[in-house]
Structure formats: C-alpha cells, structure tokens
Amino acid sequence: MATFFLIIIYMAFISLGLPDSMLGAAWPVMQPEYGLPLETAGFLYMVIAGGTIVSSLLSGKVIKMIGTGKVTVISVFMTAIALLGFSFSSSLIWLIICAIPLGLGGGAVDAALNNYVATHYKAHHMSWLHCFWGVGATLGPIIMSVFISGQFSWRSGYVAIAIIQFSLVVLLLVTLPLWNKVAKNRQVEITEDSDYSPDVNLQNVKPLQIKGVKLAFVSFFFYCGVEATMGLWGSSFLVNIKELSPATAAKWISFFYAGITIGRLVTGFITLKISNLILIRTGQITALIGAILLILPIPVSFSLVGFIFVGLGLAPIYPCMLHETPVRFGKEHSQTIMGYQMAVAYTGSTFLPPLLGLMASQLSIGIFSIFIIVYIILMLISSEKVNTLMKTRLFQSKEDIDLKA
C-alpha cells in the first residue's frame, strides 16, 4: 500500500511541475498577442509566486486542521481551474486573476507533500519526488512547443495541462483515505543519511530562533531564484540573444528541466551512498560551471550544454536541503519550518526573476547569464555557512555529552 501511495504522491508532483514552466515557454508568443512589454511576464510570475508565499506560510495551520490529503486535493483543483482560466484570458487583468489561485494551489501542495515525504520516507524518495516535479516541468515546454509550432495556439497548450490536472484531482479524491493510513504505518529515522543529528534541546526553542534557520532560508531564496529565472527568461534569452525561434527555444528550455529530472533520478540512487551535504555542494558547483558557459562568447550549441549543466547541478540541491530540514532543526519543528522555507523560496521566485526582467528592459536580456552566476554564488555561500553552523552544534553537543559522562 505504501508503494502504491508513493506513486500517487509522485503523480501529484508531476502536476505541480507542469504549470511551473508553461509561462516562460509561452511568453515569446503571448507577449505580441497581448501587446505587452517584455517585463510583464516577471510581474505575472510575481503574482503566482506571491500566492505560493501566502499558502506556504499558512500550510502548517491548514494541514493540522484538515490534513495533508485534503489540502493536496483542493490545491490541485485550484491549479486546474487557474490553468483553464489562462487559456480563456482575453486581457492582462484576467491573466492576473488566474495567476492568484495558481500560486495559492502550488504553494500549499508543495509544502504539504515535501514535509510528508521528509518525515515518512528516506532521502532517496525525496530526490525521486522532485525528479517527478522535473518530469512535469520538462513536459510543460514540450507540450507548449507542440501547440505553438502546429496549427493550434498557446491557449490549447494550457487547456491540455488543465485536463491533466483535473484527471489527477479525480485520482486524489479516490485515494484520499490512504493518507492517514500510510502515515500511521511509516516511521523513518530522521538521523539517517546525514552528517549530523538533531539536537534534542531544539524541542524548547522557537523555530525562527534555531541557529542556521535564517541562513537556510537564504539558500532556498537564491535556489528558487536561479530555477525560476532560468525557466522564465531562458527562452527570451535564447530568442533575443542567440536568435533561435520561439518553438526551438521552448524545446531547449525543456532540456534544462530534463537536466533537473535526470539528475534527481540519479541522485535518488546516489543518496544511498553519499550524504546530502556533499550532493548539495557538488550540485552548486556544477550549476555554476553551466552558468559560466552561458556567458562565454562561444558557439550557440554550448548554450544548450550550459542549460543542461545548470539543470543537472540544481537537481540534488532542493530535495536534499528539504530532506535535511527535520535533521537540522528537529522533527517537531519540521512542518512549520518547511512552510517557512517554501515561503522564502517562492519569495525568491517572486522578486528575482522580475528584477532581471526590469533590468533587461532597460539594458538587454543579455544580462541573464550574469544574474544566474551571481544567484548561484550567493546560494553556495549561504549553504556553506549553514553546514558550518550545524557541524559546530554537533561538536558542542558531543562535548556536553562527554562532560555529563
């Protein structure tokens, strides 16, 4: 039953990834149709991400009230309605209205499923969970490219994704009773697969007062900033700077998400042998190499390699950081901190891509690669500082145990 239910959770994460990459892939076609400036996509992304921030912050309380299963069903239904609304939108106002439930639904299901898997399943399942998000994020631009390069329009692409979401809602409703049953039968040792263990003294500390929490927030902020900026502006960068067609650019963006997807599939196996911390650090360095390839004056084919490298590098970072949450900060605080992390992560999605859009409208979308490099470096610095704090806490805890002995 647990394995079957895990497949359902994976499918829910495919649905979470599908709409995340749609706007960026469709925008080169949507922009001239609506007659809007380039940076408007950044504003829409702010609205979507703003909704995820609100729902992430409230997720802890809402989940305690109605349960993870019901939150997931309602959230996926909201995203399905929003996507269908996008396909019928006749103006920017309607796009903004539809962006609100899309963000609210995405943030709630993200926080709910991440904590559920972090507290009931081992590290490799978290990587595979986000691998399936990558499946959805990869399929999004592919589906959109099929419609915008054929006889249909970007609107038909949104309809297709909405139908998939509605189908998942039906499946989630049927399997709703399984959420509590599986949770009661699953007990996972959270100290496993980590270089440090939770401090029992964290039980009496408020979540935001725990050392390292705020630095962890910074890591999530810039991680999602990188991922969202790549997804939203990558296609425009390829069209305007590398002179590719919109359909070809959309396909190239799918390779970025494919890099994330494949990387997370492989990471799931690697976590059985290598710790989360090493995987996070390796991923950040790999992503940095890929971003540097984008800025170098080399043939356009290397840009595709750069997109893939950034995707492969990002692959282990997010799921590994999420799985470390109950280990770093205590299981009793994990749902609350998970919600905060989601909120801060989506704050990065809210402000960092539009910041690039604003700067690009005044200068050139060519600054895209510079922003990506800066975001990755800042993420790497904050992540390493968290690791240092955690190791210091472990060392102090061992000294206290030795003194008591």
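**Close-up views of a predicted model**

View A. Helix 10 (246-270), helix 11 (276-295) and helix 12 (301-314) each give two or more residues to the nonpolar patch. Phe302 is found in helix 12 and is partly exposed, at 39% relative accessibility.

**View B. The largest cavity.** The count of cavities of 30 Å³ or more comes to one. About 420 Å³ of space lies in the largest cavity. It is lined by 28 residues, of which Leu16, Asp20, Tyr45, Trp133 and Tyr346 are the closest to its centre. The lining divides into 18 nonpolar, six polar and four charged residues.

**View C. Salt bridge between Arg155 and Glu33.** The structure holds three salt bridges. In the one between Arg155 and Glu33, the closest N and O atoms are 2.9 Å apart. Arg155 lies in helix 7 (residues 154-174) and Glu33 in helix 2 (residues 22-34), so the pair ties together parts 122 residues apart in sequence. Arg155 is partly exposed at 22% relative accessibility, and Glu33 is partly exposed at 45%.

**View D. Salt bridge between Arg264 and Glu227.** The closest N and O atoms of this pair are 4.0 Å apart. Arg264 belongs to helix 10 and Glu227 to helix 9 (residues 213-240), so parts 37 residues apart in sequence are tied together. Arg264 is buried, with a relative accessible area of 1%; Glu227 is buried at 12% relative accessibility.

**View E. Salt bridge between Arg281 and Glu384.** The N to O distance is 2.8 Å. Arg281 in helix 11 and Glu384 in helix 16 (residues 368-404) tie together parts 103 residues apart in sequence. Arg281 is partly exposed, with a relative accessible area of 28%, as is Glu384, with 24%.

Notes. Residues numbered from 1 in each chain as written. Predicted model: local features only at pLDDT ≥ 70, side-chain atom pairs only at ≥ 80, totals over all residues. Heavy atoms only, no water. Helix = DSSP H or I, 4+ residues; strand = E, 2+ residues; numbered from the N terminus. Buried < 20%, exposed > 50% of the residue type's maximum accessible area, 1.4 Å probe, protein only. 1 Å grid on protein atoms, 1.4 Å probe; cavity = no way out; pocket = protein on both sides within 12 Å on 5 of 7 lines; lining within 4 Å. Points joined across faces, edges and corners; volume = space filled by probe spheres on them. Nonpolar A, V, L, I, M, F, W, Y, C, P; charged D, E, K, R; others polar. Salt bridge = Lys/Arg side-chain N within 4 Å of Asp/Glu carboxyl O.
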